[in-house]
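Visitor: I would like to go through this model and ask what stands behind each label. Please set each value against its cut-off.

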Amino acid sequence: MLYKAVGRPDILNRLSIIKVPPIFAMLWFSTRWGINGVAAAQVAIAAFSLILDSYYVTRFTTTSWKDLGVALSPTVTGSLVMAAASSVCKPSSARPATSPSG
């Protein structure tokens with residue numbers, strides 16, 4: 001939507017063409033490590049996509065990298081707090097249920 005607003009709808013198509021091959025390659029390659037590998041690939045793809053989109057947003061608008069950082073800081077802070085809380089509050093390992101007969 002942003003690219004359409006600044007009169008450059010072609011940028012969205014170009015970005016998609018750039019993003020698709022690495023997405024397919026990373027997902028195909030990561031399946032050998034199961035669900036954890038695919039999850040790690042998804043994180044890497046999201047980071048790649050964020051950096052690429054941010055680059056083009058700063059290039060076609062008057063937004064600076066600093067402005068993007070300020071806008072994203074609440075999200076990053078919240079994510080770090082949740083990561084810290086989830087690492088501290090890990091559930092204890094589940095014990096198998098015992099039958100009433102012993």
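Guide: The model is predicted. Let us start with lysine 19, which sits in helix α2.

Visitor: What makes lysine 19 count as buried?

Guide: Its relative accessibility is 16%. Buried means under 20% relative accessible area, so lysine 19 counts as buried.

Visitor: Which residues does lysine 19 touch, not counting those up to four places away in sequence?

Guide: Lysine 19 touches Phe48, Ser49, Leu52 and Asp53. Of these, Ser49 and Leu52 are listed among the buried residues of α3.

Visitor: Why is leucine 15 called buried?

Guide: Leucine 15 is also found in helix α2. The relative accessibility of leucine 15 is 3%, and the cut-off for buried is under 20%; therefore leucine 15 counts as buried.

Visitor: Which residues is leucine 15 in contact with, leaving aside its neighbours within four places in sequence?

Guide: Leucine 15 is in contact with Tyr3, Leu52, Asp53 and Tyr56. Leucine 15 and leucine 52 are 37 residues apart in sequence, and their C-alpha atoms are 8.1 Å apart in space.

Visitor: What makes tyrosine 56 buried?

Guide: Tyrosine 56 belongs to helix α3. The relative accessible area of tyrosine 56 is 18%, and buried requires a value under 20%, so tyrosine 56 is buried. Apart from neighbours within four places in sequence, tyrosine 56 is in contact with Tyr3 and Leu15. Along the chain, tyrosine 56 and leucine 15 are 41 residues apart, while their C-alpha atoms are separated by 9.1 Å.

Visitor: Why are α2 and α3 described as roughly antiparallel?

Guide: Helix α2 covers residues 10-30 and helix α3 covers residues 34-60; their axes cross at roughly 160° and come within 9 Å. Angles over 145 degrees count as roughly antiparallel, so α2 is roughly antiparallel to α3. The crossing of α2 past α3 is right-handed. Sorted by class, their contact has 15 nonpolar, 5 polar and 2 charged residues.

Visitor: Which residues meet where α3 packs with α4?

Guide: From α3 there are Leu50, Ile51, Ser54, Tyr55 and Thr58; from α4 there are Trp65, Leu68 and Leu72. By class, this contact has 6 nonpolar, 2 polar and no charged residues.

Visitor: How do you know that the span of α3 agrees with its number of residues?

Guide: At 1.5 Å a residue, the 27 residues of α3 should span 39 Å. The expected span takes one less than the number of residues. The end C-alpha atoms of α3 are 39 Å apart, so the two values agree.

Visitor: Which elements do the buried residues of α3 pack against?

Guide: They pack against α1 (2-5), α2 and α4 (65-88). The buried residues of α3 are Gly37, Ala41, Ile45, Ser49, Leu52, Ser54, Tyr56, Val57 and Thr58.

Visitor: What pattern does the chain follow along the sequence?

Guide: The pattern is α-α-α-α, with 4 helices and 0 strands in the chain. Of the 102 residues, 15% count as buried. Among contacts with a separation of 6 or more, 42% are between residues 24 or more positions apart.

Technical notes: Residues are numbered from 1 along each chain as its sequence is written. This is a predicted model: local features need pLDDT of at least 70, side-chain atom pairs count only at pLDDT 80 or more; totals for chains, interfaces and linings use all residues. Side-chain values use heavy atoms; hydrogens and water are left out. Axes are lines fitted to C-alpha atoms, for helices over the stretch in contact, and angles run from 0 to 180 degrees between N-to-C directions. Helices (H or I, at least four residues) and strands (E, at least two) are DSSP runs, numbered from the N terminus. Angles under 35 degrees count as roughly parallel, over 145 as roughly antiparallel, 65 to 115 as roughly perpendicular and the rest as oblique. A crossing is left-handed if the near helix is turned anticlockwise from the far one by less than a right angle, and right-handed if clockwise. Ala, Val, Leu, Ile, Met, Phe, Trp, Tyr, Cys and Pro count as nonpolar, Asp, Glu, Lys and Arg as charged, and the others, Gly among them, as polar. Buried means under 20% relative accessible area, exposed over 50%, partly exposed in between (1.4 Å probe, protein chains only). Contact means heavy atoms within 4.5 Å.
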